[in-house]
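Thank you all for coming. I would like to walk through one model this morning, going from the sheet to the helices and then to a few single residues.

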Amino acid sequence: MNLTELGFAAGWRLVRALPRPVAAAGFNAVADRAYRRRGAGANRLRANLRRVVGPELPEAELDDLVRQGLRSYARYWMEAFRLPSLSREQIRTGFRLDGAELLAADVAAGRGAVVALPHAGNWDLAGAWVVANEWPLSTVMERLKPEGVYERFVAFRKSLGMEILPATGGERPPLEVLTERLTAGAVVPLLADRDLSARGVEVKFFGGRSRMPAGPALLALRTGAPLYVASMWYEPDAACASIEGPLPLPGPQEGTLDVRVRSLTQRIADGLAAGIARHPQDWHMLQRMWLD
């Protein structure tokens, strides 16, 4: 076990044992230190947020936004470490979804739903909330390195009741499995604001060129399942989200499957951008996003 894996193991053991205010103060202190040091992650977040807010925002206000963003990201990790110790009732009250009735109807009707998510707010708590409502959930997770960290995250999410499929190296292609799960009525949330394969769909995003995964659009087109775009953010007392949709699915008359996937992925990008613009401080994007 290397130091990174040891750090995650200690986090899941120790952070949940602390009173929440104590844990929150500690994670805020770490975030503020990262802000002052202005390392690679903080600088990348600053560059990404500049794209979101545009050139007109004064530098001092952008600096404050970066500080808020790092605190929001720290809150995500603090909550993730504490999540396995929460009861179902605590999970249900700790997350609020505007549009929950849409997902409830989709699950009840057995048609399932695809939800395109940004790296914002708390997507793990969102997944745990779906499971706490006794709705089936299946999703895909990238293979993190080292392998031990990946395995711990898989075990963490499985312990919350989620079905986790590896993006690569699984027994069956994830698209094939998710197609089956959707036709059985599952909720399929997929992080959709950053392509991890370098084979994604090129989109316009905040005025620049970026790539996003084709999976959400392709799944919706293959199955006819409703496709939603989520906006995710934090309030002081809860993680929150809203969903837009279902998005209209382009029909065969609108072009080949590739053309329709590209068109629908651009609609997803537009929806994600609108949500991120409303809550930029809660977008946890510390990696490169744009091609230009």
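Before anything else, a word on element names: helices (H or I, at least four residues) and strands (E, at least two) are DSSP runs, numbered from the N terminus. What you see is a predicted model, in which local features need pLDDT of at least 70 and side-chain atom pairs count only at pLDDT 80 or more, while totals for chains, interfaces and linings use all residues. Residues are numbered from 1 along each chain as its sequence is written, and side-chain values use heavy atoms, with hydrogens and water left out.

Let me start with the sheet. Five strands make up an open sheet with mixed pairing, in the order β1-β9-β8-β2-β5, where two strands are said to pair if DSSP finds at least two bridges between them. The edges are formed by β1 and β5, each of which pairs on one side only. On average, neighbouring strands of this sheet are turned by 25° against each other, with direction ignored; for such angles, axes are lines fitted to C-alpha atoms, for helices over the stretch in contact, and the angles run from 0 to 180 degrees between N-to-C directions.

Within the sheet, β8 and β9 pair in the antiparallel sense over seven bridges, and there Y234 stands opposite A239 of β9. Helix α7 packs on the sheet and touches β1, β2, β5, β8 and β9, its direction making about 80° with that of β1; contact here means heavy atoms within 4.5 Å. Strand β2, residues 113-117, pairs with β5 in the parallel sense over five bridges, and the partner of A113 in β5 is V187.

Turning to helix α6, residues 100-109, its buried residues are A100, L103, D106 and V107. Seen down the axis of α6, these fall within an arc of 125°, so they line one face of the helix, the arc being that of the directions from the helix axis to the C-beta atoms. On the other side of α6, E101 and A108 are exposed. The elements against which the buried residues of α6 pack are β1, β2, α7, β5, β8 and β9. Just after this helix, G110 takes a positive phi of about 75°.

Now for two helix pairs. Helix α10, residues 215-223, packs with helix α11, residues 257-278, at an angle of about 120°, and their axes are 8 Å apart. On the α10 side the contact is made by P216, A217, L218 and L221, and on the α11 side by L257, R260, V261, L264, T265 and I268. The second pair is α3, residues 40-53, with α4, residues 59-82, again packed at about 120°, with axes 10 Å apart. That angle makes α3 oblique to α4; under 35 degrees counts as roughly parallel, over 145 as roughly antiparallel, 65 to 115 as roughly perpendicular, and the rest as oblique. Among the contacting residues are L45 and L49 of α3, and L62 and V66 of α4.

I will finish with some individual residues. Q287 is found in the segment after α11 and is partly exposed, with a relative accessible area of 32%. Leaving aside neighbours within four places in sequence, Q287 is in contact with R44, N48 and R194; Q287 and R194 are 93 residues apart in sequence, yet 9.0 Å apart in space, C-alpha to C-alpha. T139, by contrast, sits in strand β3, residues 138-141, and is buried at 11% relative accessible area.

As for the backbone, most residues other than glycine have a negative phi, and most peptide bonds are trans. R38, in the loop between α2 and α3, has a positive phi of about 55° although it is not a glycine. F206, in the loop between β6 and β7, likewise has a positive phi, of about 50°, without being a glycine. Finally, a cis peptide bond joins G245 and P246, with omega about 5°, and P246 lies in the loop between β9 and α11.

Conventions: Buried means under 20% relative accessible area, exposed over 50%, partly exposed in between (1.4 Å probe, protein chains only).
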